Amino acid sequence: MVIDELRPMEAVPDAETAVDRLETLHAGATQALQAALNRYLEHRIPPDATERLQFRYPELRLTYQPTGPLPRLNRATAKFQAPGLYATTVTQPGYFCAYLLEQLRPLVRDYGAGIEVGLSAQEIPYPYIVEPGTDLGGSGVSASDLATLFPVPLLSVVGDEVADGLWLENPGDPRPLALFDGVRTDYSLRRLVHYTGSDWREIQPWILLTNYHRYVDGFVRHGLERLAAGEGERLVLPGGIVVERAEAASADPAALIAASPWHKYQMPAYHLVGRGPDGAPQGTTLVNIGVGPSNAKTITDHLAVLRPHCWLMVGHCGGLRQSQTIGDYVLAHGYLRRDRILDDLVPPEIPVPALAEVQIALQSAAAAVTGERADALKRRLRTGTVVTYDDRNWELRFTQERRRINLSRAIAVDMESGTIAAQGFRLRVPYGTLLCVSDKPLHGEIKLPGAANAFYERAVAEHLQIGLATLDALRSDRAGLHSRKLRSFDEPPFR
């Protein structure tokens with residue numbers, strides 16, 4: 001029996017019907033897999049070959065057969081690059097409903113695309129339907145036993161070939177409809193829970209990434225203030241601590257942070273949850289990614305499957321110019337990428353452009369929050385190149401690095417910004433960087449203990465507010481934010 005005999009592809013009339021059908025198929029597949037797994041754990045009755053055929057991701061196919069030239073459209077996404085058949089597998093269609101409709105409706109309206117939905121040949125790995133914290137070991141069944149009877153994650157089918165432009169077109173095979181298929185998405189959803197200490201469903205599409213825990217204090221206070229003012233739905237902290245709107249006015253930020261087991265997670269995340277009129281998430285997430293390009297790449301690899309609207313780096317840096325003062329800001333318009341972690345995927349000679357929409361929003365937010373304009377703002381907000389290193393002790397080889405820093409005209413140094421920008425470029429997520437100068441390594445100005453506390457109290461709160469104000473401004477023009485600068489010539493139709 002082949003999969004098409006069990007569940008053939010079915011033509012559907014519109015985007016809404018397609019998403020409903022995807023939800024039904026995904027629910028049926030996961031429920032069948034869960035039921036078979038429970039039965040085996042309790043009674044040692046394994047699924048047979050026919051039953052296992054049910055454990056499949058739903059597949060979405062679009063056919064574009066034009067009768068004339070391709071439409072000339074200015075938008076960056078929901079576009080066909082050529083006639084043909086496009087396909088992808090889909091997971092969690094209920095969660096991604098608003099995203100799927102946003103992509104499908106223009107493709108049907110403007111191109112007359114035909115839609116088909118059915119079960120795919122791609123199996124759902126059983127670990128992806130087991131709730132986090134479930135102890136399968138207590139059943140007396142080993143992982144190797146389950147791997148012989150149920151689908152398991154296979155690295156051979158989890159990859160970023162589409163995003164990295166490595167997929168090969170084979171005559172007769174569908175072209176990719178999206179950057180990430182169902183199994184790649186599920187892989188990252190589980191990793192997000194592991195790294196951030198949060199249910200992946202709580203992660204919002206407007207993301208701040210920071211390299212210092214003190215920003216967390218300010219974000220929690222901000223979240224409580226927004227909730228008390230009637231904005232947003234709830235504040236979620238690592239470990240599942242939730243503050244509802246009715247509780248916000250009386251909540252103590254310090255006590256909440258102390259109660260949260262954030263230290264158990266490598267990159268704890270905090271979420272001010274909100275929704276737009278269409279029910280899609282519209283709130284803000286802060287992730288403390290810690291120090292270094294490895295963490296920066298790891299978390300953005302996984303956040304990207306959620307198709308966020310923007311991520312911004314708001315962290316600390318070393319100022320490289322005598323004219324800078326501790327507490328000044330650096331707005332990155334270029335990156336000297338010495339992080340090395342993406343050299344094979346986005347070689348250093350590939351330019352990572354500044355995105356005008358993000359740059360303008362960051363500068364306008366800095367002016368609004370600081371209250372400074374013109375020359376006064378220029379003294380505090382310097383625009384230039386940021387060097388991103390993979391070596392925290394780069395100062396120990398300054399004699400080798402000084403010429404490269406000079407040639408780049410760099411004004412600041414850190415360990416994450418270039419990686420985050422390159423990942424945004426690679427994975428088509430709008431990005432930006434606003435850093436705060438915490439020391440001046442070339443000029444002998446270091447963070448002394450007493451001065452550091454005074455600096456942090458003043459600068460961190462203001463810096464965070466600039467990042468939050470930037471995201472508020474960008475929310476008003478999502479279409480402009482998703483620019484064509486991030487799209488390749490053979491881009492999949494879906495954003």
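Q: Is D472 buried, partly exposed or exposed?
A: This is a predicted model, in which local features need pLDDT of at least 70 and side-chain atom pairs count only at pLDDT 80 or more, while totals for chains, interfaces and linings use all residues. Residues are numbered from 1 along each chain as its sequence is written, and side-chain values use heavy atoms, with hydrogens and water left out. Buried means under 20% relative accessible area and exposed over 50%, with partly exposed in between (1.4 Å probe, protein chains only). D472 has 33% relative accessibility, so this residue counts as partly exposed.

Q: Which residue forms a salt bridge with D472?
A: A salt bridge is a side-chain nitrogen of Lys or Arg within 4 Å of a carboxyl oxygen of Asp or Glu. Here the closest N and O atoms are 2.6 Å apart, and the partner of D472 is R475.

Q: In which helix do R475 and D472 both lie?
A: Helices (H or I, at least four residues) and strands (E, at least two) are DSSP runs, numbered from the N terminus. R475 and D472 are three residues apart, about one turn of the helix, and both lie in α14 (residues 449-475).

Q: How many residues apart are R426 and D164?
A: R426 and D164 form a salt bridge, with 2.7 Å between the closest N and O atoms. The pair links distant parts of the chain: R426 is in helix α13 (residues 417-427), D164 is in the loop between α5 (143-149) and β5 (175-176), and the separation is 262 residues.
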